Amino acid sequence: MAQRTLQDSFSRKVDYLRMSVTDRCDFRCVYCMAEDMTFLPRAQILTLEELYQVASSFVALGTRKIRLTGGEPLVRKGIVELCGRIAALPGLQELCMTTNGSQLGKLAQPLHDAGVKRLNISLDSLQPALFRELTRTGDLAQVIAGIDAAGAAGFTRTKLNCVVMQGRNDGEVADLVQFAIDRGLDISFIEEMPLGHISEHSRRETFFSSEQIRQRLAERFTLLPSTESTSGPSRYWRVAGAADSRIGFISPHSQNFCATCNRVRLTVEGRLLLCLGNEHSVDLKAVLRAHPGQPEKLERAIVESMKIKPWSHDFRLDDQVQVVRFMNMTGG
Ligand code: SAM
Ligand code: SF4
């Protein structure tokens with residue numbers, strides 16, 4: 001049988017799925033959530049079995065990489081078993097996870113044993129008080145212990161993710177790079193995106209561009225541009241004398257990365273989002289629940305959805321929210 005692949009109407013091949021496995025989280029990061037979040041009732045979210053079925057259909061349609069995210073994926077009960085089942089799908093090359101690291105102390109080894117290949121771990125500050133302020137509930141020492149547990153469990157090419165905000169953690173970018181170098185980790189700096197309405201700060205005032213971050217880093221390091229790409233939004237650099245670490249910049253505002261987009265996202269409610277910055281979506285939960293045990297129906301809906309994948313997002317820097325979803329709903 002011919003290899004099946006997903007392609008959108010702009011001839012972009014889609015072979016990467018990001019799945020949100022929960023909207024819940026033990027942190028309340030100031031750029032991601034409101035302080036008093038209301039989470040979804042259980043009946044509205046996909047069951048572990050439904051999440052597995054969506055993953056299975058995508059892999060049957062040529063998906064090579066799946067990333068589990070959230071919310072915080074490690075607060076979902078049964079997550080390790082789900083990872084084991086997805087990792088075993090024939091044809092899948094990489095199962096990855098994005099996590100805040102708080103549960104890795106106990107779960108890094110079980111996740112590695114279950115077949116998770118790579119982790120992205122969020123880390124916005126190395127100062128305990130600021131870390132607590134930015135996450136509202138997080139404990140820095142616990143997260144650093146989680147990062148070290150991941151290394152001890154055998155994870156390699158682990159990447160730190162850092163959202164940089166002017167006047168908050170912009171002064172720490174060089175320290176964060178040094179932390180990554182000391183542990184042989186990669187690090188990506190992310191410009192804050194206007195997802196969900198937050199009142200904690202004005203996104204216009206805290207905006208700090210990738211170019212500004214590079215200038216800060218150049219005060220301490222010699223940055224060497226790299227041609228490496230993961231067909232994702234990161235642009236990579238290396239630091240002279242630190243061969244093991246790559247420095248990435250994710251710049252939705254200052255650099256449009258849509259032309260090479262190869263990904264779609266599943267919300268935990270089963271909405272397939274065709275673009276992070278647009279509302280174009282298809283309700284896969286409705287298909288799953290109307291046709292249980294009929295993967296061909298699900299696969300047809302996925303193939304059809306490719307027709308409405310938009311060309312690009314349109315993030316703007318005003319505080320008027322264009323996308324009302326919060327990042328924890330989106331599978332960032
Ligand atoms: N809880 C996990 C974590 O924090 O890594 C996974 C989910 S979180 C939504 C995924 C990534 O999105 C994190 O690296 C987080 O920093 C980033 N993020 C959340 N809200 C964002 C926003 N408004 N703009 C840019 N990045 C954001
Ligand atoms: Fe939770 Fe991740 Fe959002 Fe922070 S960024 S509140 S850790 S989902």
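Helix 3 (residues 104-114) and helix 5 (residues 140-153) have axes that come within 8 Å and cross at roughly 25°. Axes are lines fitted to C-alpha atoms over the stretch in contact, with angles from 0 to 180 degrees between N-to-C directions. Helices (H or I, at least four residues) and strands (E, at least two) are DSSP runs, numbered from the N terminus.

This is a predicted model: local features need pLDDT of at least 70, side-chain atom pairs count only at pLDDT 80 or more, and totals for chains, interfaces and linings use all residues. Residues are numbered from 1 along each chain as its sequence is written, chains are lettered from A and ligands numbered from 1 in the order written, and side-chain values use heavy atoms, without hydrogens and water.

**Helix pair**
- Helix 3 and helix 5 are therefore roughly parallel to each other (angle under 35 degrees).

**Ligand 1**
- Its shell (residues with a heavy atom within 4 Å) holds 18 residues.
- The closest are Tyr31, Gly71, Glu72, Ser122 and Met193.
- Polar contacts are pairs of N or O atoms within 3.5 Å.
- A polar backbone atom of Gly71 is 3.0 Å from a nitrogen atom of ligand 1.
- A backbone N or O atom of Met193 lies 2.7 Å from a nitrogen atom of ligand 1.
- For Thr99, a backbone N or O atom lies 3.2 Å from an oxygen atom of ligand 1.
- Of the 540 Å² of accessible area (Shrake-Rupley, 1.4 Å probe) that ligand 1 has on its own, the protein covers 95%.

**Ligand 2**
- Cys25, Phe27, Arg28, Cys29, Cys32, Met33, Gly71 and Asn100 surround ligand 2.

Key: A polar contact is a pair of N or O atoms within 3.5 Å; within protein, one must be able to donate a hydrogen and the other to accept it, and residues adjacent in sequence count only if both atoms are side-chain atoms. Angles under 35 degrees count as roughly parallel, over 145 as roughly antiparallel, 65 to 115 as roughly perpendicular and the rest as oblique.
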